[in-house]
Amino acid sequence: MLDLAFSILAADFTHLAEEIAAAERGGGTVCHVDVMDGHFVPNITFGPPVVAAVRRVTALPLDVHLMIEDPDRYIADFAKAGATWLLVHQEVCRHLYRTLTSIREHGMEPAVVINPATPVDTLTEVLPLVHHVLVMTVNPGFGGQSFIPRCLEKVKHLRSLREELGLNFRIEVDGGIGHDTVADAVRAGADLLVAGSAIFAGPGQAAKSEANARDFLQVASSAA
Ligand code: DX5
Ligand code: ZN
């Protein structure tokens with residue numbers, strides 16, 4: 001099963017509900033929300049109030065990607081806002097096992113994210129706890145960056161570890177995933193596909209965004 005997790009970072013924020021609806025009509029099945037704090041990553045985006053607003057306009061799972069220092073402080077807030085899956089970076093969690101357990105105790109499914117420089121082996125002990133692992137295919141912080149092909153080696157590694165350990169976590173990729181790169185990501189083993197700039201065509205372009213989502217999924221599924 002392949003899912004397009006459209007990233008609203010690339011959407012027209014003045015018409016967020018319409019943008020989400022267009023991505024859904026095009027076949028998007030997950031709404032990816034990028035939370036950035038200006039510390040862990042250089043950029044600042046949005047927090048729990050925007051997650052709560054998005055929750056009101058879609059029934060899709062909300063894949064909330066925390067690019068923030070000290071995510072433990074905000075777990076309860078994101079649970080209350082309606083996050084379905086809460087993603088934390090390995091690089092900021094000193095007690096990763098505890099953080100992932102706490103996310104589950106708050107009624108969400110936990111997921112863990114690794115930056116391009118972080119090896120898969122840092123996750124071995126927590127793989128049984130997670131709903132999915134997100135392999136960043138750019139350095140986090142901005143939409144519209146170029147895909148780093150080398151990161152797909154980590155996707156392959158995770159796929160074989162999953163088999164070896166008899167687990168069933170899903171594998172997600174995020175960053176520079178578009179019509180030209182998604183096939184390689186799917187062949188490597190990714191099944192949750194985050195895409196922002198490849199989907200949202202800009203203000204007043206909902207029909208084009210919808211078509212982008214449809215074409216993207218067509219390319220992805222022909223590689224599966
Ligand atoms: C980057 C974010 C991504 C971003 C992807 O730090 O985590 O989710 O929205 O954007 P594109 O698809 O444009 O690379
Ligand atoms: Zn993201």
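Which residues come nearest to ligand 1? In this predicted model, where local features need pLDDT of at least 70, side-chain atom pairs count only at pLDDT 80 or more and totals for chains, interfaces and linings use all residues, the answer is Ser-7, Asp-34, Gly-141, Asp-174 and Ser-197, out of 20 residues around the ligand (a residue is near a molecule if one of its heavy atoms lies within 4 Å of it). Residues are numbered from 1 along each chain as its sequence is written, chains are lettered from A and ligands numbered from 1 in the order in which they are written, and side-chain values use heavy atoms, with hydrogens and water left out.

Now for the polar contacts (pairs of N or O atoms within 3.5 Å). Oxygen atoms of ligand 1 lie 2.7 Å from a side-chain N or O atom of Asp-174 and 3.3 Å from one of His-32.

As for the make-up of the shell around ligand 1, its residues split into eight nonpolar, ten polar and two charged (Ala, Val, Leu, Ile, Met, Phe, Trp, Tyr, Cys and Pro count as nonpolar, Asp, Glu, Lys and Arg as charged, and the others, Gly among them, as polar). Strand β2 hands over the largest share, three residues (strands are DSSP runs of E, at least two residues, numbered from the N terminus).

Terms used: Polar contact = N/O pair within 3.5 Å; in protein donor to acceptor, adjacent residues only side chain to side chain. Helix = DSSP H or I, 4+ residues; strand = E, 2+ residues; numbered from the N terminus.
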